[in-house]
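Student: I have some labels to check against their definitions. Could we go through them one at a time?

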Amino acid sequence: MNIHIFNPEHEMALAANVKRFTAPHAGRELRHDLGYLPMVWADEGDYILVDDPEACMESMRHLRVPLHGRLMNYNDFSRYVRYLSSETPVHINPWGWDLPLREWLRGHGVNPRWLPTDEELRLWRVMSHRYWAARKLLKPLREVGGAVGEAVTVRSYIDLQHWVQRWGDVVLKAPWSSSGRGVRYLHPSRSSLEKELTPSLKGWLRHTVEQQGAVTVEPYYNKVLDFGLEFYVHEEAVVEYCGLSLFRTVHGAYTGNVIDTEEEKWKVLGRYIDTGLVRRVIDRLLQLMNYELLDHYVGPLGIDAMVVRPSDGPDNIDSHLLHPCVELNLRNTMGHVALGIQKSLTGQPHTMHIAYNGKYRLQITKEALDDSEINDA
């Protein structure tokens, strides 16, 4: 039996790392309005836990793509699992695993044998830390010619000063955050570090270090294109490459995905970077993850990457460089959602985005994002 859960507050729960966690209002709204998303990849006999099945049914009617599985509210789920035999194989598949989710499931009567252990949760949280990906994946990926990227952790203003003096403009990131949240920019080249480091940013830096132990610092790159590489780790410890994700961001926050054939998406990517380089990076990632994730993790994951241009010199495909691992998402991603939808749509390209008008809706339209829309606005 497969049970799916959409918990978009996952990264915030990782950062909090407490048994009882209340997501911000926006996170609760997303879970309520889009709880049906796992139906994109679920099988017919699967269950999808949602706040309000009727509200989800209303939202689903607008999608016009095949959806699978049965919606179930939490009360029915709680009653249902208490009657299951302890020998019944149950597989719970959340958007991402975290401590508060496991404790919530325990409270609803889920047998502990179906849930991750303390050690598994601890390890997955460590692997979701931005610096883990920088050390374990980005560093060896830089050995591939044409790839760039660096990241360090800091715990004080003095540490930060050192890296600003070395790199100039930098990006500061909370260790556990997503969709552009927890990201700050410092551009001392435009004025000075003293002017850039406002009281608000100093407060954010101090608070993040207190709550999450550190802040990661990276050089600021002239971004040309965002994209993602989607994977799935199977129980046989085999990492499968699932597909390419082309998406749009505005100031680092996700706004939409391209839904098209892999061939067409690779053609778009090829306008910005040598696709042979990207394929070499995928091959190296498969090697690295087969080693690093062996016996440690089973499930979906995504790697965010970007094409960048040098701070000086021409802006063309020959001068562009690849940042092969901006972050690792040890969970489902909107890229996985787009790939699931892509399987049922043929012909004309589509775009997928989340709209908000009093409630969140997933919208799919028959049009392709042009280059200016894919690029960061």
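Student: What makes Y47 count as buried?

Tutor: This is a predicted model, and in it Y47 has a relative accessibility of 13%. Buried means under 20%, so Y47 counts as buried.

Student: And what makes Y80 count as partly exposed?

Tutor: Its relative accessibility is 28%.

Student: Why is the pair of Y47 and Y80 called tilted?

Tutor: The ring centres are 5.5 Å apart, and rings pair if their centres lie within 6.5 Å. The planes stand at 45 degrees; stacked needs under 30 degrees and edge-to-face over 60, so this pair is tilted. By this rule the count comes to nine aromatic pairs. Ring pairs also link F6, W41 and W95 into a cluster.

Student: What parts does the pair of Y47 and Y80 tie together?

Tutor: Y47 lies in strand β2 and Y80 in helix α4, so the pair ties together parts that are 33 residues apart in sequence.

Student: How do you know that the buried residues of α6 line one face of the helix?

Tutor: The buried residues of α6, residues 118–128, are L121, W124, R125, M127 and S128. Seen down the helix axis, they fall within an arc of 165 degrees, so they line one face.

Student: What covers the buried residues of α6?

Tutor: The cover includes α1, α5, α7 and β13.

Student: Where does R125 lie relative to W176?

Tutor: R125 lies over the face of W176, at 3.8 Å from the ring centre. The distance limit for a charge over a ring is 6 Å. The charged end of K202 likewise sits over the ring of Y157, at 5.9 Å from its centre.

Student: Is C242 buried or partly exposed?

Tutor: C242 is partly exposed, with a relative accessible area of 32%. C56, at 0% relative accessibility, counts as buried.

Student: What makes both faces of strand β6 covered?

Tutor: V170 and L172 on one side and V171 and K173 on the other are all buried. In a regular strand the side chains alternate between the two faces of the sheet.

Student: Which strands pair with β6?

Tutor: Four bridges join β6 to β7, and the two run antiparallel. Strand β8 also pairs with β6 in the antiparallel sense, over four bridges. Two strands pair if there are at least two bridges between them. V170 has L186 as its bridge partner in β7, while L172 stands opposite V217 in β8.

Student: What is the phi of N17?

Tutor: N17 has a positive phi of about 55 degrees although it is not a glycine. Most residues other than glycine have a negative phi. N17 is in the loop between α1 and α2.

Student: What makes D295 count as exposed?

Tutor: D295 has 71% relative accessibility, and exposed means over 50%, so D295 counts as exposed. D295 is found in the loop between α12 and β12, with a positive phi near 65 degrees.

Note on methods: Residues numbered from 1 in each chain as written. Predicted model: local features only at pLDDT ≥ 70, side-chain atom pairs only at ≥ 80, totals over all residues. Heavy atoms only, no water. Buried < 20%, exposed > 50% of the residue type's maximum accessible area, 1.4 Å probe, protein only. Arc of directions from axis to C-beta. Contact = heavy atoms within 4.5 Å. Phe/Tyr/Trp six-rings, centres within 6.5 Å; stacked < 30°, edge-to-face > 60°. Lys NZ or Arg CZ within 6 Å of the ring centre and 35° of its normal.
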